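Student: I have just opened this one and would like to walk through it slowly. Could we start with a pair of helices and then move on to a strand?

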Amino acid sequence: MNKIVAVIGGGVAGLETSIQLEKLGYKVNLYEKDSELGGHAGKWDRLFPNRRHATEVIDSLTSRIKDKVQINLVATVNQIKRENGSFLVEANGKSQKADAIVLTTGFELFPASKKEEYGYGIFDNVITSAELEKMFADHGKPQSTTGKTPEKIAIIHCVGSRDEKVNRPYCSKVCCVTAVKQAIEIKEAIPTAEVYCFYMDLRMFGPGYEDLYKEAQVKGVNFIRGRLSETSEMEGSRVLIKAEDTLSSKPLKMTVDMVVLMVGMSPLPSTEKILKDLELSPNNDGFVQVKDYHLEPTHTKAEGVFVAGACTGPNNITDSVNAAHSAALEVHKYLTSK
Amino acid sequence: MDLHAIQIPFHPFVLPFTIGLIFVAFYIIGKWIYWVSRFSWEDKKKIFVGLFSLKTPQAIWEVFMESLLHRKVFQRNTLLGYMHMSLAFGWFLLIIMGNLETRFFTHGRINPPYIPIFFEFFEHNLVSLDYGRFFTFTMDLLLLFVLSGVGLAYFKRFRSKPLGMKNTTKHSTIDRLALTALWLIFPLRLLAESVTAGLYDAGGFITNSIGAFMMTFLPLHNFYYASWWAYSFALGAFFVFVPFTRYMHIPTEILLIFLRKYGIAEKNIHSTYTQVELSSCSRCGICIDACQLGSDLGIVSTQSTYFIKSMRYDKPSEMLVDSCMACNRCDQVCPVGIDIASIRANERKMIQLFQENSYKYINGYEYRKAKVAYFAGCMGHLTPSVYKATLALFEKAGVDYNFIDRDGSICCGRPLQLTGQEDAAKQLIEKNIKLIENCGATVLVTSCPICAKVFTDSYKLKIPIYHHSQYLLKLAKESKLQFEKSDIQITYHDPCELGRGLGIYEEPRELLSLAGNLIESNNSRENSLCCGGSLGITNLTQEQRNTIASITLSELAVGKADVVATACPLCKKTFKSASEDIRIADISEIMLGAVQKSANKLISKEVNKSVIINN
C-alpha cells in the first residue's frame, strides 16, 4: 500500500495524525509553515493542569515519528488542486500528490493590538499570555521592560474571546485555566507579588482545573469579576487599569507593574485560502466547519478532506490528540474503501 | 359669448373646483394664522422686523428657486429635478398665463378664479382675437411641459432608478388617492380642451390637432360637458385632499422658507414651528437612499420621511424614534431643508431615563491645572495610540500642555444628548464646566469630535476649543512642527460630528496633505458616510455595525489608499473592528509618522556620513 496522505500543520494535532497514519501504513507528507514542529504548544513553557513542561509532550510526539513521514519545514501550502480523484498539494513551488488531506492548521493567538484600549503594543508593560510563557522559559519569572521584577500584576481574561466588538463572540476555553496556572506560577516565582485576575466567568471544565483554581486562591491570587475597560501609562511605565468590580458594582482603578492579556484562539487567516481551494466554508466563528458536530467531528463536507485540532475551534491538547486519532482512523476507512 | 359684457359667465361644472379651492384656501390661511399666533414673542418680533427687510425679497427668491424650480432636486438628479420643476413651475406658469390671457381678453376685468382655469369652455374663439394665436400656443406648450412631468412621475412609480432613486416612499392610501387626483388633473384638462377645440376648431397646436383627430371617429359633443365636469372634479378633489396629505407641503414650504429667512429655528422642544416643518415634508423619499440603515442593512421603514409623517399625524413608535444613527446625512440631502436632526433629538427627549441625582456619585475627579488643556475623552482613552501620538507631537512642538483627564474624566455628555437624555447630559455638563474652568487653561484641545461638538455647542466656555487636527495644523503653521511629505496615499474619512456636526472639513485635509497625498472618496465632506459606530443609536447589533463599517471602508479604500485616516477615535475603533486588512489610523498617528520620518532621515544621513568617513 503506497497511498499518500497530506497533513497540513505540524502542531500537536498534525504530529499525532502523522504518527497514527504512519502506524496504519500510509506515507505521510507533513507540511509545517514554521522552521520547527510543535506549533503553539512547542512555544509554551508549562502546561495545565499538571504543569509539566511542554517540551516533554512535543518531544514525545516528534520522537514517535518514523521515516515514512516526509517532514516539510518552512513549507506554506499555497494551493491544493483536485486531480483524478486525488489531490495535488503545492508548497514552496513543489507539487506533491496526495490521496487524502488532513487539515491540522491550528489557530493564531488573538492579535491583542485589536483591543486597542488595553494598550498592547502601545504601553511597554502590557504583554500577552504567550509572552509571559516565554519569560518563564527564559528567566523563570516575569520581567518588566526595565528588567525589574514586577510586584503587582493584573491578568486579564477573555481578551479576544466572548467579545462581539472584535468579532470573537465565542469562548476560547483554555484561557481561564491558563490564567489560573500562570497566576500560581507568578506567585511561586515572586511570592511577594500581588496578582489580580479580572474574569467574566471562570470556566474550569477539565479534570484538575478546579483544583488549580482552588490552589490559586490558597496562594493568595485575587479574583475580581469584571472586564477591563481601559489602560493608560503612568510614571515609570506602570499601567493604570480601569475596570468594574461587578460583584460589588463599583468602578475600580488600579496601578500595576504589568498587565498580562489572556489572548484567545482565533481562526488562522491562511487557513481560509486552503478552504477556498477545497470549496469549503468556515463556520460562524471563522474556524473550519466540520461535517457533523456530534457524529462526524473530523470529517469535512469535501470528499477526502479530514480535519483535526484547533483549526476547528478552541481546543486543548487532549482534544487535539483525540481528534487526531479519530481523523487518522477516518482517513484509513476512506482510503481502504476507495 | 361676449366676455367683456357685464355678465360674468357661469356653469355648474365649475362648482367642484370652486368649492375645493375655497376650502383649501380657508384651511391654509387658518393654519398659517394658528401656527404663527402660537410663536413666542421673540419669534413674532423676528417676523415683524424681517418683513420689512431685505430678507423678504431673499425669501421670495428662494421660494422661486426651491418651490418652483426645485434647484436642490436638480443638483441631485437632472431628470428628478425636471420632473418636480415641470409640475410645479409648469403649473405655476399655466396659472399665470391663464390669468394674463383672461385679463387680456376681458380688458383687465377681475374674474372669479374659475374663469382662467376653464377659459376654453367659456371662450371658443380665442384664435380670432388679437394675440389669440400667441396665447393658445403658449398655453398648449405649458400644458405639454406639465404633462411631461406627469409622464415622468408615472414612470417613476414603476422604475425610479433612472431618476436617481433606489427607494421611494411607501405612501398611505389617502396619499395615493390624492396622487391619483393630481395625476388626472392635467390629462383631463388636455382632454376637455381638446374636445372643445375639436368641436369649435379652436385651441393651440396640441389641443387643436388632438381635437381634430378625435372628431374623425368620436361623437365629441357627447363628451363635451362630461370632460369639463371630470376636469373640475379632479381639481376639486385634489384641493380637498391637500390638508390631509403630503400635498400640504406645497403651501407650507413657502411659509417655512419665509420663517427660516426671518431667523426662526427649532427650539429645544417641539413648537408650532415644528408643525410647519412637519407639514413641509413632501415625502419625496430622498432621505431613504441617504440613510445607511437602508442602503447597508436593508432597513427601509424607519427613515426620516416616515418619522416625520408619523410625527405629523400621531406619535411615532419607539422604533421610529430610536432607529437613527444621528449622522445627519438626511438633513444634508433634504431638498426642503427640514431640521430633521433637531426634531428627532427633541422627540427623543420625551423619555428621560435618568433621575435628577443620577450622577451624585461623581465627585472624585479633578482636572489638573494647565495652560493648554488636553482632553482625550472616553473614546480617546479607548484608543491610547491616538492621544499618545497627539501628545508626542505636542512634546516635539514644545507645547506647555497638561493631559487633564489622564487619570479619568466624566463623560462629556454628548452620547446622552444624542439619545435624548437631556437632563442627565445637563448634570454631566455642569460638573465638567466647573472642572474645566478650574483647571485654568487658556486653550482646550480634544481628540474626540464628539466631545468637541458638545464643548462648542453646550458648554459656553470662555476659552477657545480646538479639535486636535485644528491645533496640530496651527502648530504647523506657526512652524512649531515640521513635517516631511512622503508619497503615502491617504484617504480621509470625515467623522459625522466633526464634519456635518462642526463644519470642520478643511483643517484635517490641510494637515494630512503635509504628510502625504490625499485621495478623495466618492462620499466625502458633507456627504461623508457614517462609520457605523454612532452613539446616537442603541438598537443595532455589533454585526449590523460591522456591516455598515465594512461598506463605508470599502467606499473609502476605493482609491487604493495606503491608509484610511480619520480624526475620531470612535471611527477608528469601529473601522478597526470591521476590517483586519486595511490600515486605519488617526490623523495624529499619521502626522507623528511624518515628523519621525524627517528625524529618521537626519539620523540616517549622519550614519551615511560616518560610513563614508570610515571608508
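Predicted model: local features only at pLDDT ≥ 70, side-chain atom pairs only at ≥ 80, totals over all residues.

Student: Is the crossing of H8(B) and H9(B) left-handed or right-handed?

Tutor: The crossing of these two helices, H8(B) and H9(B), is left-handed.

Student: Which residues in H8(B) meet H9(B)?

Tutor: From H8(B) they are B:Leu143, B:Val146, B:Leu147, B:Val150, B:Ala153 and B:Tyr154, and in H9(B) they meet B:Trp183, B:Phe186, B:Arg189 and B:Leu190.

Student: Switching to chain A now, how many residues of strand S1 are buried?

Tutor: Five of the five residues in S1(A), which covers residues 4-8, are buried. Both faces are covered, with A:Ile4, A:Ala6 and A:Ile8 on one side and A:Val5 and A:Val7 on the other.

Student: Why would the side chains alternate between the two faces?

Tutor: That is how a regular strand is arranged, its side chains alternating between the two faces of the sheet.

Student: And which strands does S1(A) pair with?

Tutor: S1(A) pairs in the parallel sense with S2(A), residues 27-31, over five bridges, and A:Lys27 is the bridge partner of A:Ile4 there. Four bridges also join S1(A) to S7(A), residues 100-103, again running parallel, and in S7(A) the partner of A:Val5 is A:Ala100.

Methods: Residues numbered from 1 in each chain as written. Chains lettered and ligands numbered in written order. Buried ≥ 20, exposed ≤ 12 C-beta atoms within 10 Å, placed from the backbone. Pairing = 2+ DSSP bridges. Left-handed = near helix turned anticlockwise from the far one by under 90°. Contact = placed C-beta atoms within 7 Å.
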